[in-house]
Amino acid sequence: AQASDGDNWQNDCAVSRDLLATEVLPACQYFAYIEITDGEPQNLWQEYQSVLATRPNFAMQRIQSPADIYPVFRELFKKSLT
């Protein structure tokens, strides 16, 4: 899992997206990205959305404050009964 404010140098975002898609996600069962911002989605969120569309083991969620991290993690990582 990754929790971030999503603010990233523009030229680093594509590198982060590619590493997530080609290195991290193939090596794990599930990965969650939490963006902590009360404003508009940031650079990293926008890049990761393209990964979300193609990877079923990837989830994203936005929250407004760090206090919201653990409830969202509990929801994203709850055990599936299927």
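I began with strand 1 and strand 2 (residues 31-36), which pair in the parallel sense over three bridges. I count strands as paired if DSSP finds at least two bridges between them. Helices (H or I, at least four residues) and strands (E, at least two) are DSSP runs, numbered from the N terminus. In this pair, S4 sits opposite E35 of strand 2.

A note on the source: this is a predicted model, where local features need pLDDT of at least 70, side-chain atom pairs count only at pLDDT 80 or more, and totals for chains, interfaces and linings use all residues. Residues are numbered from 1 along each chain as its sequence is written, and side-chain values use heavy atoms, with hydrogens and water left out.

Next I looked up the whole sheet: it is open, with three strands in the order 1-2-3 and parallel pairing. Strand 1 (2-4) and strand 3 (58-63) are at the edges with a single partner strand each, so one side of each has no neighbour in the sheet.

Then I turned to helix 1 (residues 10-24). Which of its residues are buried? I found C13, L20 and A21, where buried means under 20% relative accessible area and exposed over 50%, with partly exposed in between (1.4 Å probe, protein chains only). The buried residues pack against strand 2, helix 2 (43-52) and strand 3, contact being heavy atoms within 4.5 Å. On the face turned away from the buried side I noted the exposed N11, T22 and E23.
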